[in-house]
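Here are my notes for a colleague who is new to this structure. Please read them with the model open.

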Amino acid sequence: MSEVLVVVEHSGGVVKKVTLEMLTLARELGSPSAVVFGEPGAVAAVTDKLAEYGATTVYAAESDEIAGHLVAPKATVLANLIGQVSPAAVLLGSTQEGKEIAGRVAVKLDNGLLTDVVSLAADGTAKQPIFAGSTVTTSKVTKGLPLVTVRPNSLTPSPAPATAETKAVDTTVGANDTLVKVVSRAAEQKGSRPELTEASIVVSGGRGVGSAENFKLVEEFADLLGAAVGASRAATDSGFYPHQFQVGQTGKTVSPQLYIALGISGAIQHRAGMQTSKTIVAVNKDAEAPIFDLADFGVVGDLFKVVPQAVDEVRKRR
Amino acid sequence: MNIVVLVKQVPDSSTERVLRTDDNTVDRASASNVINEMDEYAIEEALKIKEEHGGEVTVLTMGPASAAESVRKALSMGPDRAVHILDDALHGSCALGTSKVLAAALRTLDADLILAGSESTDGRVQVMPHMLAERLGIAAMTGARKLTVDGSTLTAERQTEEGYEVLTASTPAIVSVWDTINEPRYPSFKGIMQAKSKPLSVLSLADLGIDPSEVGTAGATSEVVEAAKRPMRTAGTKVTDSGEGGVALVEFLTSEKFV
C-alpha cells in the first residue's frame, strides 16, 4: 500500500485531535505515515500516540531551524520528503499553519491544493463546504498528488494500534527559509478547555451576555459540559472576550457535535462560522432572533435565568 | 517605504453567494461585490506606516473589470495609486495560478513591504502570502495582530491557537493582518473625490509575460467536479421560558445524550 503522509499538529508533547482524525482518514487511503516537525527531542513524546492511531512510520524532522522559524523550513523539508517517498496523498490540518505549509509546498512542487476538506476518497475527490457551509463542492487536484488540508472535526478519530518505525528526515533548508525568526511564543489564557476548532461542544456568548464579567457564566456552563468557549464578533468587539475566540466569518469556523449560542442574535457573520454544527441550541431574549431559524432547540428567555438553572439541573442529574 | 497592499473584490458575505452553474467558479457577475473586509485593515496599516515613515502606498488587485470599483473605493481611504491586473484569461484561476500572476506584478513594483488581509471571505484559503513569499524569495509574516516597523526591521505578533508568537524579519517582506490590528478609517469626502483622479494602471497577462494557458481555468491545478447547495437548516423546537427554560434545555441535551 502506498504511504499517505499526515503532517502532525502537536503542542507541548500532546498530539492535536485533528491529527488523530487525519490518521483515521489516511488509513482508508493507504498506509499512514506521520511527519513530525519540532525541536530536537520533540518527536519521541508523540510517537506512541501516533502509533496508537495507525501510523506505521513516523518521519522525524527535528531541528532548531524548524522550531525557530516560521513555516518555511517545514515546507522545504516536507516537499523534499514528498519527492522521496511519492505518497498517495498528503494531509495537513486546515489550520493557519497547516494551510501555509501546504501553500508553500504547492508552489515548490507545482502541485494543486485543496483546503478545508471534510472528506477525501481513494480516487482523490474531496468534499469542501464553501460560502459558510451553504454549498458543498466535490473537488479534486488535477495537477500532482492530492495535497489537502483537512478541517478539524470532520470525522471521528478511532484508534488502530500499529508499530511505528521512526525515521529521521533530512532537515536541510535553504537561505530563504530562515527569513522569519520566531523570537518568542506566549500562551494566553485558556486553561484546561479544549481548543475551539477541535471541541466536540462549544458554548458561545454574544452581545446579550453584556460584559466581560458576565462571560464567567458562559465559561461555567462550558466547563460543566467539557466544552470550549466561543464568542460572537459583537462580544469580542465590545471587549467581553478575547478576539481569538471569535466564531464567525472573520473568526474561527467550528463544526462541533453541539453548539450552544447564548445571547447571540445569529447575524450572518456569526452563522458563517457555526452553521455546520451538528446540533444547535440557542438562548435569546428576542423570540425573532435569526439564530432560532437554525436552532434544533431554542429557549426564548433571559439567559441569566435560563443558564444558571440549566447549570443546576446538569449538576443534579449527575 | 514603498508599500503595496493586496486587495481582492469578493461577493458580499452578508448576501447569498453562489457558484456559476456552467463552470463551478464563483459567480461574481450576479453578486453584490465589495472589498474583502480583511483587506481594509491591511490598507489602514499601510497608511499608518506611511504616515509615520513616509513612502508610497500602491493598491494591487487582480480581478474582472468590476474590481475597478473596489480599487477606487480602496483609493478613497488614502493610498496613492493602484494597479489592476485585468485579463479575460484569468477567469477561474486557482490559488497557484493567482500567486503566479500576483508575484509577476509584484516584481515590477519593487515593494519594501507587501500587506494583505489574512484571508478573503470568499475562498478563505489563507495561502496567498506564503505562496507569494515562496515565489519571490522574501519573508512572510502572517496572521499579524500587531506590526512594528523600525527601519528595515519588522516585528509582528502572530495570533496562534495557543496565544501568540513574536516574529521578526527584514524587508522586503509580506505581512498579512487580522482585523484585530487596527480600526480602518472611513473614506472622507475629499478622499472619495481625490480617488477619482489617482493613477490606476491596468496590466494584462501579456504585460506580465505570462502565457494565458498557465493561468485561469486552462491552467488550474484543481477543479470543482460538482457543487450542491446544502439544504437550509430548519428551526426545531422553540420554548418560551416561564421559569422552567433551563430545565427544558437540559432535558433536550439529555435526550441528545450530551448530558
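1. **A pairing across the chains.** Start with Lys181(A): its bridge partner in strand 9 of chain B is Thr168(B). Strand 9 covers residues 163-170. Helices (H or I, at least four residues) and strands (E, at least two) are DSSP runs, numbered from the N terminus. Two strands pair if DSSP finds at least two bridges between them.

2. **What the model is.** This is a predicted model, in which local features need pLDDT of at least 70 and side-chain atom pairs count only at pLDDT 80 or more, while totals for chains, interfaces and linings use all residues. Residues are numbered from 1 along each chain as its sequence is written, and chains are lettered from A and ligands numbered from 1 in the order in which they are written.

3. **Strand 6 of chain B.** Five of the five residues of this strand (residues 113-117) are buried, so it is largely enclosed by the rest of the structure. A residue is buried if 20 or more other C-beta atoms lie within 10 Å of its own, exposed if 12 or fewer, and partly exposed in between; the C-beta atoms are placed from the backbone. Leu113(B), Leu115(B) and Gly117(B) point one way; Ile114(B) and Ala116(B) point the other way. In a regular strand the side chains alternate between the two faces of the sheet.

4. **Partners of strand 6.** Strand 1 (residues 2-6) of chain B pairs with strand 6 of chain B in the parallel sense over three bridges. Val5(B) stands opposite Leu115(B) there. Strand 10 (residues 173-177) of chain B also pairs with strand 6 in the parallel sense, over five bridges. In strand 10, Val175(B) is the bridge partner of Leu115(B), and Val177(B) is that of Gly117(B).

5. **Chain B overall.** Chain B has eight helices and 13 strands. Its C-alpha trace spans about 65 × 45 × 40 Å along the principal axes. Of its 259 residues, 49% count as buried.

6. **The interface.** How many residues of chain B are in contact with chain A? The count is 69, against 76 residues of chain A. Two residues are in contact if their C-beta atoms, placed from the backbone, lie within 7 Å. The chain B side divides into 30 nonpolar, 22 polar and 17 charged residues. Ala, Val, Leu, Ile, Met, Phe, Trp, Tyr, Cys and Pro count as nonpolar, Asp, Glu, Lys and Arg as charged, and the others, Gly among them, as polar.

7. **A helix pair between the chains.** Helix 9 (residues 303-317) of chain A and helix 8 (residues 245-255) of chain B pack at about 50 degrees, with axes 7 Å apart. That makes the two helices oblique to each other. (Under 35 degrees counts as roughly parallel, over 145 as roughly antiparallel, 65 to 115 as roughly perpendicular and the rest as oblique.) The residues of this contact divide into eight nonpolar, four polar and two charged. In helix 8 of chain B, the buried residues include Leu249(B), Val250(B) and Phe252(B). The buried residues of this helix pack against strand 17 (279-284), strand 18 (297-300) and helix 9 of chain A, together with strand 13 of chain B.

8. **A loop residue.** Asn176(A) lies in the loop between strand 12 (165-168) and strand 13 of chain A. Leaving aside neighbours within four places in sequence, Asn176(A) is in contact with Ala72(A) and Gly137(B).

Definitions and conventions: Axes are lines fitted to C-alpha atoms, for helices over the stretch in contact, and angles run from 0 to 180 degrees between N-to-C directions.
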